[in-house]
Amino acid sequence: MAFQYDQKLKQLDTFAKQKADTGMAGKSSVQRTQKYIGLGQKSAAQTTERAEGAKAGVRKLYDQVDVGSSRGKDADVDFQMAAWMQALEEQMMEDVTDPGTPEPSKLDFDEGKIEFALAALGDVESLGSGGYQALGPVVNKGMYKGQRAHGKYAVMPGNIPSWTKKYYGTQLTPSEFLQNEQAQDIVAENMLMANWEKYGSIEDSVSVWFTGRPLAKATADGAADQNITAPEYLDRWRKYYNKRLKKEFGDK
């Protein structure tokens with residue numbers, strides 16, 4: 001388990017360095033990464049402490065009891081030891097999430113994988129249609145009627161001023177936003193992370209990006225954009241997300 005935390009810390013550290021090198025991470029994104037690394041280090045330390053405590057407990061039992069000579073009149077001591085070891089094992093298993101049994105419809109995601117989630121979002125919204133320079137069709141109904149989605153992640157013009165001020169630090173106009181790749185990345189990344197932290201699921205976060213609602217509610221409400229429903233949108237996003245993960249990490 002400590003090894004798993006160590007691997008996660010290395011992954012997060014690499015992610016943080018990549019973001020620092022490209023200059024595309026906002027202050028809030030860097031702070032979240034540092035916070036996550038700190039939590040991982042604390043968990044790894046707790047795991048190491050628990051393992052050392054378990055070993056000490058076993059040594060104490062073996063020091064107090066000669067298991068080999070306990071057959072016969074003292075046989076109950078062996079059963080006590082077995083029960084203690086079983087309880088210890090069960091307790092430690094409760095602290096470990098089985099990677100082979102994820103929650104239904106929940107993807108394996110943590111902050112170290114945000115670059116893949118972000119790239120997949122860009123794939124769904126603008127792959128082959130302009131990328132950072134993309135302009136969507138004019139919306140003919142709803143709250144965004146008359147507007148056109150801007151950029152790689154299809155941000156509506158009505159959201160651009162407030163979102164760029166909050167996450168990029170400078171309020172941009174739609175035309176300025178369309179020419180600023182860094183601002184587009186930072187806004188989309190921070191929105192995804194904020195909703196992941198709020199709802200606890202990257203799929204809910206992507207659904208909020210698309211519909212303004214987490215996936216279950218969006219599905220129940222029949223939320224759709226033009227000719228695509230929320231579940232269909234999520235299916236497309238998962239395909240690109242998994243494809244990018246496989247390209248980076250293989251079939252592991």
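1. Asp 123 is found in helix H4, which spans residues 114-126. The model discussed here is a predicted one. With a relative accessibility of 10%, Asp 123 counts as buried, because the cut-off for that class is under 20%.

2. The surroundings of Asp 123 can be stated by name. Leaving aside residues up to four places away in sequence, Asp 123 touches Tyr 240 and Arg 244. With Arg 244 there is a polar contact from side chain to side chain, at 2.8 Å.

3. A second point concerns helix packing. Two packed helices are described by the angle between their axes and the distance between the axes. For helix H8 (residues 202-211) and helix H10 (residues 230-249), the angle is about 120° and the axes lie 10 Å apart. H8 and H10 are therefore oblique to each other, and the crossing of H8 past H10 is right-handed.

4. On the H8 side, the contact is made by Ile 202, Glu 203, Val 206, Ser 207, Trp 209, Phe 210 and Thr 211. H10 contributes Ala 230, Tyr 233, Leu 234, Trp 237 and Arg 238. By class, the residues of this contact between H8 and H10 comprise 8 nonpolar, 2 polar and 2 charged.

5. Ala 154 is placed in the loop between strand E2 (148-150) and helix H5 (160-168). Its phi is near 60°, a positive value in a residue other than glycine. Most residues other than glycine have a negative phi.

Conventions: Residues numbered from 1 in each chain as written. Predicted model: local features only at pLDDT ≥ 70, side-chain atom pairs only at ≥ 80, totals over all residues. Heavy atoms only, no water. Axes fitted to C-alpha atoms, helices over the stretch in contact; angles between N-to-C directions. Helix = DSSP H or I, 4+ residues; strand = E, 2+ residues; numbered from the N terminus. Parallel < 35°, antiparallel > 145°, perpendicular 65-115°, else oblique. Left-handed = near helix turned anticlockwise from the far one by under 90°. Contact = heavy atoms within 4.5 Å. Nonpolar A, V, L, I, M, F, W, Y, C, P; charged D, E, K, R; others polar. Buried < 20%, exposed > 50% of the residue type's maximum accessible area, 1.4 Å probe, protein only. Polar contact = N/O pair within 3.5 Å; in protein donor to acceptor, adjacent residues only side chain to side chain.
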